[in-house]
Amino acid sequence: MQASPWIRRFTELVPAGSTVLDVACGAGRHMQWFAAQGYPVLGVDRNAEALATACQYGEVLQADLEDGSPWPLPGRQFGAVVVTNYLWRVVFPSLFDSVQPGGVLLYETFAAGNETVGRPSNPEFLLQPGELLQRVAAAGPQWRVIAYEDGFEADPERFVQRIAAVRTVTTDAEAPTRYPLQSGLL
């Protein structure tokens, strides 16, 4: 139940006091992390059994994002939207819309190449090269990529893509927000 190093690394980008949305939260490992950092959290998953564990860390919502139903949180925005080990391309517009200005999208999941080392192996659940960068760019000029990785990890063996992207709030007349450079390796 340990939070992803990528998520831990970019937690400081989440605006203080804002709510964190964990999409496809499972048993709530990232909900647990953010709750321990003092953030209110909301986890969404279709698995009622997993949510029975996740509910100890914050609010939960049982919803199947893949059944064709509308986005279950219309109009709600969060200081962070966190997605790990999950890919359902149809929800990308809703994910971007759910990040409040000044908030952050933290996304990490499997990428093409993973089919050579394990599961998932279905191309529908594997990001294509550069896909997260392309999706953020297509979401509009208000998005600023803070960090991106695309490659292979040996332990455990997997191909992944990760992105930390902030929905900016500055105008041309304001000084840009200073996002500290991240140092160190995962």
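How many salt bridges does a search of the whole structure find? Ten. Keep in mind as you read that this is a predicted model.

1. Start with R9 and E149, a salt bridge whose closest N and O atoms are 3.8 Å apart. This pair links distant parts of the chain: R9 sits in helix α1 (residues 5-9), E149 in strand β6 (residues 143-154), and 140 residues separate them. Both ends are partly exposed, R9 with a relative accessible area of 21% and E149 with 27%.

2. R158 and E153 also meet through their side chains, in a salt bridge of 2.8 Å, N to O. R158 counts as buried, because its relative accessibility is 17% and the cut-off for buried is under 20%.

3. Then look at E66 and R46, another salt bridge, at 3.8 Å from N to O. E66 is in the loop between β3 (59-62) and β4 (78-84), and R46 in the loop between β2 (41-45) and α3, so the pair ties together parts that are 20 residues apart in sequence. E66 is partly exposed, at 26%.

4. On to the aromatics: the whole structure holds six aromatic pairs. One of them, F152 with F159, is tilted, with 5.0 Å between centres and 55° between planes. F152 is partly exposed at 42% relative accessible area, and F159 is partly exposed at 23%. Elsewhere, F92, F96, Y107 and W143 make up one aromatic cluster.

5. A52 is exposed, with a relative accessible area of 54%.

Terms used: Residues numbered from 1 in each chain as written. Predicted model: local features only at pLDDT ≥ 70, side-chain atom pairs only at ≥ 80, totals over all residues. Heavy atoms only, no water. Phe/Tyr/Trp six-rings, centres within 6.5 Å; stacked < 30°, edge-to-face > 60°. Buried < 20%, exposed > 50% of the residue type's maximum accessible area, 1.4 Å probe, protein only. Salt bridge = Lys/Arg side-chain N within 4 Å of Asp/Glu carboxyl O. Helix = DSSP H or I, 4+ residues; strand = E, 2+ residues; numbered from the N terminus.
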